[in-house]
Every structure is written in structure tokens, then in C-alpha cells.
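Please read the following note alongside the sequence and the coordinates. The points are numbered so that they can be taken up one by one.

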Amino acid sequence: MSLQDRDSQFLWHPYTQHKTATPPIGIVKGEGALLWDEEGKQYIDAIASWWVNPYGHSNKYIAEAIYKQLTSLEHVLFGGFTHEPAVVLAERLMELLPSGQKKIFFSDNGSTAVEIAVKVALQYFYNKGDKRTKIIAFENAFHGDTFAAMAASGISFFTEAFRGSLIEVQRIPVPVEGKKEESIESLKKLALTGEYAAFIFEPLVQGAAGMVMYAPEVLDELMAICKGNNVFTIADEVMTGFGKTGKTFACDYLMRQPDMMCLSKALTGGTIPMAITTFTQELFDGFYDDDVNKALFHGHTFTANPTGCAAALASLDLLQTNEMQDNLVRINKKQLAFRKEIESHPRVKTARVLGVILALEIAREGNEDYYGGFRNRLYDFFLNNGVILRPVGNIVYILPPYIISDELLEIVYAVIRQAIEEVQ
Ligand SMILES: *Cc1c(COP(=O)(O)O)cnc(C)c1O
């Protein structure tokens, strides 16, 4: 029996309506930007396996670091204990993060990183006896699938069933061209009420919304409003972190600094699930007290897993090589050139690039659903042509591993060109 057949007996997949979905593809091998299925068919992974894999599949350098760690200390509880990989990783991140970030809290995935940021914001005010119990987020945001992360997320059909059980969140428009003033005015109104603990955002690029991009200057303005009204800012860099925008963090484009940052996805080069939430000293001090009840009572069994930390350290080594930094520049140039070519196509509504990310919107009559028919036809067309791309409605985006060759990237472009012509 094929993997595909055996899978259907016991497995339940993410974001999948099993009654109508085509069966999942059984993948047996990955190397660099390529994957192979159980029938030997080759695919270009043009979305870095949900944005986690910048350095290529089955990366030997990270694998060796993981093996070495597994054979010296695979895991130890982080409550009451510590270890070298966590300490060194914290030290290394301190050199890379905006200077205001002073404390690092480990967890396992992007949603928990967000969950922790929101809990810290709410408990900070609770500890002070201040009633700030709501948060502010962008429309169409995506911050994950646990409860606080869901509350912060604005893609409604993801969260509709749980609406009654979520913390209160007010949404403001994303400050894309033409919406800046409205976004700023909406935030001002909310911030002035004194009811909001935090403003959470995906800095510069909203990933799951379809790589929606907005300018750093307006984010600086929004953050200034928060600062002036004691609303903490949470930069969710789960997608944007570690080079995707062309800088180490999207926040590196800003004049201002957030109070918290959420990191995951590329943190371990796509090998081991791990996440980090970082904090300013002010936030940490809001929990620092003789009263044990003011502590942050949050933890996960695998908090700061040494093997994950070793994978993250190896990933940082790779990110900081000249070769990888050159890759970021090379891919950005390719993407800009492709945008220039494709944006004049009559069927391309808009095209945008930041760092290694390119997104283009294909013109269609009427609105296109997130998982609608046109989207599925595009998705199938790409797969049939050996390219993994997951369009969001009528938005096609490329977020390749940084090690992808120009030749493979050209194949991705060719398949997209063809899709724009042929898929109706
Ligand atoms: C993917 C993502 C998350 C959720 O991360 P998981 O590891 O899937 O829980 C949160 N925020 C952003 C911006 C993301 O892209």
C-alpha cells in the first residue's frame, strides 16, 4: 500500500476538509530546494515548506549539530535547570535583536509564542491592578491557532466557531496605500480609551493574508501612538524573522522598537519545532516581585529543548555566512526583475516584493475565496508542473528557500507565467 492509502486510515491533516480534498502527497526525500514523492516525482519547494526552511531540506550542517547535541544532552527540564545551548542561543540572539529586547522565553511553535506575548501583556497590567484586558490587531491578521492567537487573528472562517470564547480584540485596517490615515485614526481612538493592553501585528508583511505588504514608516507611527498611551507592541515575526524581508528581522526596517517579539518557523532552519518570545526589561520587571503570584505561570514540557537550541544555533551560523547573505540579495534581485516583467501582464492586478518574498494577484471576476475553486485549480496546476506553491485565493506568492538556484527559480517563474495564461 502507498503512503497515501495508509495515511487515509488514521491521519487527520491541518486545514483540510477530508471529504473533498485530494489525498496528500507522500514525500520520501528532501534535498536543498527539492522534494521527491513516493513515485519518484520531483517538486520545487517554492514556499520553503510553510516558510520554515531557508537553508534547504536535509541540511547536513544542522543535522550534525542536532546529532552532536542528541548524543551529549538531548533534553533536560527547564524549570529549575539550565544548559549551554539555551544560554548561548540567548546570547547570540541578543546581538541580533533590536537593543530593547532583554529577555527570552522559549516555547514550541508560533502560536504559543503569540499566546505567551498576549498573556504577558494582560498579566502585566493585572499585576499592577490596572484593568486592561483587550488587545488591538490588524484586519486579516494571522497569529496562529491557539485561543489567544486565534482571537488576534482576523481571517474569519479560521475562527468563526470559537467566537464566543475568545478574548476581546478590536481590529484596525492594515495601513496599505490609501488606508494609512484610517488605520492611524482607528488606532488612536482605541489607544486613548486606556482599555487595551497590547497591539499585535505582523511587521511589514501579513503572510497568511497573502503576503500583504505595508511601509515601515506607518508602522513606526502606529507604534508611537501605542507608546504614548501605554499600549504594548507585539511584533509577530514568526514568518518575517531570519532574513525573509532582506534584513534579519522586519523590525530592523523600523525607527522604533517593539516591546515583544515572537519568533519561530525559520528559527531552527525548519528542523525542530521551537519558538521564542522576547521582552523588554520593563515587561520582565512587571513580574519580578517577592509575591510568587506575580510570576508568569506558563511553561511547556519541552521549553528550551537543548536539541532545538542546537538546531537554532546552527541555523544562525548559516544565516550569518556571507554566502547566505549574498543569497538574500541575489533572490531579491531576481524577484524584483520578475515583478517588473509580470506586473504589466493584463491578468496581473498587482505584484509586490520585499526581501525574498514575491506576491502577485491574478485578476478575476468577483471575489475569490481563500480555498476557492480558482485557487484550487492554480494549486493543482503548480503541483502537476512540479512546483509547490499554495495560492491564497487569487494571490500567488513565492517564498523560496534562500539556497534555491537561479535555474530552479526560473522554472518557478515559467510555471507561474504559464498558469497566468492558462488557468481560468
Ligand atoms: C505561522 C504563523 C504563526 C503560527 O505559528 P505555528 O507554528 O503554525 O503555530 C503565527 N504568526 C505568524 C505571523 C505566522 O506566520
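1. For the residue classes used here, Ala, Val, Leu, Ile, Met, Phe, Trp, Tyr, Cys and Pro count as nonpolar, Asp, Glu, Lys and Arg as charged, and the others, Gly among them, as polar. This is a predicted model, in which local features need pLDDT of at least 70 and side-chain atom pairs count only at pLDDT 80 or more, while totals for chains, interfaces and linings use all residues. Residues are numbered from 1 along each chain as its sequence is written, and side-chain values use heavy atoms, with hydrogens and water left out.

2. The shell around the ligand (residues with a heavy atom within 4 Å of it) divides into four nonpolar, five polar and three charged residues. Among its members are W51, F142, H143, E202 and M239.

3. Of the 380 Å² of accessible area (Shrake-Rupley method, 1.4 Å probe) that the ligand has on its own, the protein covers 84%.

4. T280 sits in the loop between strand 12 (275-279) and helix 10 (281-285), where helices are DSSP runs of H or I with at least four residues and strands are runs of E with at least two, numbered from the N terminus. Because its relative accessibility is 11%, T280 counts as buried, the cut-off being under 20% with a 1.4 Å probe and protein chains only.

Definitions and conventions. Buried < 20%, exposed > 50% of the residue type's maximum accessible area, 1.4 Å probe, protein only.
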